[in-house]
Amino acid sequence: MMKYRMMIVEDDTILRTGLRNNPAWEKMGVEIVAEAVNGLDALQKMDAFLPQIVLADIEMPIMDGLELSKSLQQLYPKVKCILLTAYDEREYLRKAISYRVDAYVMKNEGEDEIFRAVRKAAEALQMQSEEELIRKENEQIRRTAFFLDICCKEDDDGNAWEKALKCGIDPQCLRCRVISFHVESLKNLNEIQYLIQSRQWYHLLTQKIEALCIPSNIRLYFFQGNENLNAVVLEEKADQFPQAEQMLQDTVISMRREMQIPLTAGMGRWS
């Protein structure tokens, strides 16, 4: 049975724990990969856990479920979003429809309605050539964990080559280099606005660089840190990096000048 990754977003600890521990998820082929206490917390965890379904309460502090669903539509349009509410409010429903929420469930309708909504979302995922999508996303999760391990941890268990191969990375490269991109804080934006705006810019940067890397045969892998977007460049041919370095520099300068994005980049040493 195919497994679907789901995040539960609920500020009430008892309700969140009850949803998480329900044995029905396993029977449905759903794996709870993350929990969050509000929309901001959920957005901060999206790149690390890559849930395919987000089950969120509407009423939450800091960032509510409607704000979260709107942000998910902008940043992660393929993610299925299901909203839970204790109130039969037409305004909530109207906004949920405008934000393309996949389901809107009243809490008093019981768990069966929640399960039905999640099952429907899972079936929709399955129709979207989902097997290939899951394979790529799982590989991306392993790759992110791998790069975080080798870049941020001092301990080495000696299995780097084996882990690289499992992530779809050819370890037989000459050398590699780590680059970190950072969007400067903007005084006119609060924490939520800054997080959403910076992630949008990081996604745009990733798309631009990946489009340039393919024809140039440059192997570059992105992974998201807490605040920065990071990338590892693999040099598979001698003196290949000057071309990559120039391409990255031109892209950063272009985004700063033409799009007014306060973007900076730093580069580590060869390893």
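Strand S3 (residues 53-57) is joined to S4 (residues 80-85) by 5 bridges, and the two run parallel; two strands are taken to pair if DSSP finds at least two bridges between them. Strand S1 (residues 4-9) also runs parallel to S3, to which 4 bridges join it, and Met 7 stands opposite Val 54 in S3.

In a regular strand the side chains alternate between the two faces of the sheet. In S3, Ile 53, Leu 55 and Asp 57 lie on one side and Val 54 and Ala 56 on the other, and both faces are covered, with all of these residues buried, where buried means under 20% relative accessible area, exposed over 50% and partly exposed in between (1.4 Å probe, protein chains only). Because 5 of the 5 residues of S3 are buried, the strand is largely enclosed by the rest of the structure.

Residues are numbered from 1 along each chain as its sequence is written. As the model is predicted, local features need pLDDT of at least 70 and side-chain atom pairs count only at pLDDT 80 or more, while totals for chains, interfaces and linings use all residues, and side-chain values use heavy atoms, with hydrogens and water left out.

Helix H6 (residues 111-126) has 16 residues, which at 1.5 Å a residue should span 22 Å, in agreement with the 23 Å between its end C-alpha atoms; the expected span is 1.5 Å times one less than the number of residues. The buried residues of H6 are Ile 114, Phe 115, Ala 117, Val 118, Ala 121, Ala 122 and Leu 125. They cover an arc of only 160° around the axis, which places them on the same side of H6, the arc being that of the directions from the helix axis to the C-beta atoms. The face turned away from this buried side carries the exposed residues Asp 112, Lys 120 and Gln 126.

Arg 16, in helix H1 (residues 13-20), counts as buried because its relative accessibility is 11%. Apart from neighbours within four places in sequence, Arg 16 is in contact (heavy atoms within 4.5 Å) with Ile 8, Glu 10, Asp 11, Glu 35, Ala 36 and Val 37.

Overall, the protein contains 10 helices and 9 strands, and buried residues make up 45% of its 271 residues.
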